[in-house]
Structures are given as C-alpha cells and as structure tokens.
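Morning, everyone. Please look at the structure on the screen while I talk you through its parts.

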Amino acid sequence: MTLHRQFSAFVLVGLLAAIAHYGALIGLVEGFDWSPIPATLVGYVAGGLVSYVLNRRHTFSSDRPHDEAGWRFALVALIGFGLTFVSMYVLHERLGIQYVLAQLITTGGVLVWSFLANRLWTFAPSQSG
C-alpha cells in the first residue's frame with residue numbers, strides 16, 4: 001500500500017476512533033458534568049481500542065503477533081495519552097480555549113505522532129517473521 005493510501009486509511013480509522021473519543025468526551029462533560037481533561041482521557045482510551053483493531057487489520061495489514069504489536073501500540077498510545085493531557089491542559093486550562101476546539105487542535109498533533117510511530121514501529125514487519 002502506498003504511503004498516501006495508508007495515511008488515508010489511517011485518517012478514516014481515526015475518524016471512527018474519534019467518534020468513540022469525542023462521544024465519550026462530550027457525553028461525560030455534558031451529561032455527567034465531568035471536567036474536560038479526565039473526560040478526554042477516558043475518550044482517548046475508548047478511541048484507542050477502536051484504533052488498534054482497525055489499524056492493525058486494515059491500515060497496516062500487520063502480521064506482527066498481538067503479543068508484540070499490542071504492547072508497542074500501548075506504548076505509542078501512552079505517549080499520545082500524555083501528549084493529549086499536556087495539550088488539553090495548556091489549551092483549555094491555561095489558555096481558556098473551549099474544550100472541543102482544544103481537543104480538535106490536540107487531535108491533529110497526536111494524529112501525526114501516532115501515524116508515524118505505528119507505521120515505523122508498532123505495525124512494521126516483524127523481524128522474526
């Protein structure tokens with residue numbers, strides 16, 4: 001698959017993951033009066049689960065075993081989780097940007113990080129296979 005097609009598939013999967021992420025974020029903030037930062041972190045985990053399953057199979061067509069890809073994906077996601085926290089803290093808490101707009105800005109940066117890390121490391125062909 002070409003880089004352009006792979007990135008396009010990654011973005012499409014990301015849209016599906018974003019539905020889970022933003023659904024949890026907005027649902028918890030508006031429906032349960034949660035603070036936006038913990039709500040977006042719960043959403044990040046929900047979106048991450050969708051992302052792993054769909055990216056492994058459809059975007060990267062990875063043959064890397066789950067016991068290798070799983071912990072790699074979790075580490076990339078953990079770093080993305082930290083980036084999400086820091087970005088949301090700075091944008092929403094410190095700069096006062098509305099939480100959904102702050103999350104949209106955050107998503108752009110984390111998207112680039114996640115694509116590159118997953119393409120080059122998580123789902124790269126296994127050295128043993």
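Let's start with V90, which sits in helix α3. Helices here are DSSP runs of H or I with at least four residues, numbered from the N terminus. A word on the source: this is a predicted model, where local features need pLDDT of at least 70 and side-chain atom pairs count only at pLDDT 80 or more, while totals for chains, interfaces and linings use all residues. Residues are numbered from 1 along each chain as its sequence is written, and side-chain values use heavy atoms, with hydrogens and water left out.

Back to V90. Now find N118. It is 28 residues from V90 along the chain, and their C-alpha atoms are 26 Å apart.

Next, the helix pairs. Helix α3 covers residues 66-94 and helix α4 covers residues 99-122. They pack at an angle of about 155°, and their axes are 9 Å apart. Axes are lines fitted to C-alpha atoms, for helices over the stretch in contact, and angles run from 0 to 180 degrees between N-to-C directions. So α3 and α4 are roughly antiparallel, a label for angles over 145 degrees. The contact of α3 with α4 has 16 nonpolar residues, 9 polar and 1 charged. Nonpolar means Ala, Val, Leu, Ile, Met, Phe, Trp, Tyr, Cys and Pro; charged means Asp, Glu, Lys and Arg; the others, Gly among them, are polar.

Now α1 and α2. Their angle is about 150°, with axes 7 Å apart. They are therefore roughly antiparallel too. Their contact holds 17 nonpolar and 8 polar residues, and no charged ones.

Last, the largest pocket. What lines it? There are 23 lining residues, and G14, A17, S51, V110 and S114 lie nearest the centre. A pocket is an open set of points on a 1 Å grid over the protein atoms alone, where a 1.4 Å probe fits, with protein on both sides within 12 Å along at least five of seven lines; lining residues have an atom within 4 Å of a point. Helices α1 (3-32), α2 (36-59), α3 and α4 each give two or more residues to the lining. The largest share, 8 residues, comes from α1. By class, the lining has 12 nonpolar residues, 11 polar and no charged.

Definitions and conventions:
Parallel < 35°, antiparallel > 145°, perpendicular 65-115°, else oblique.
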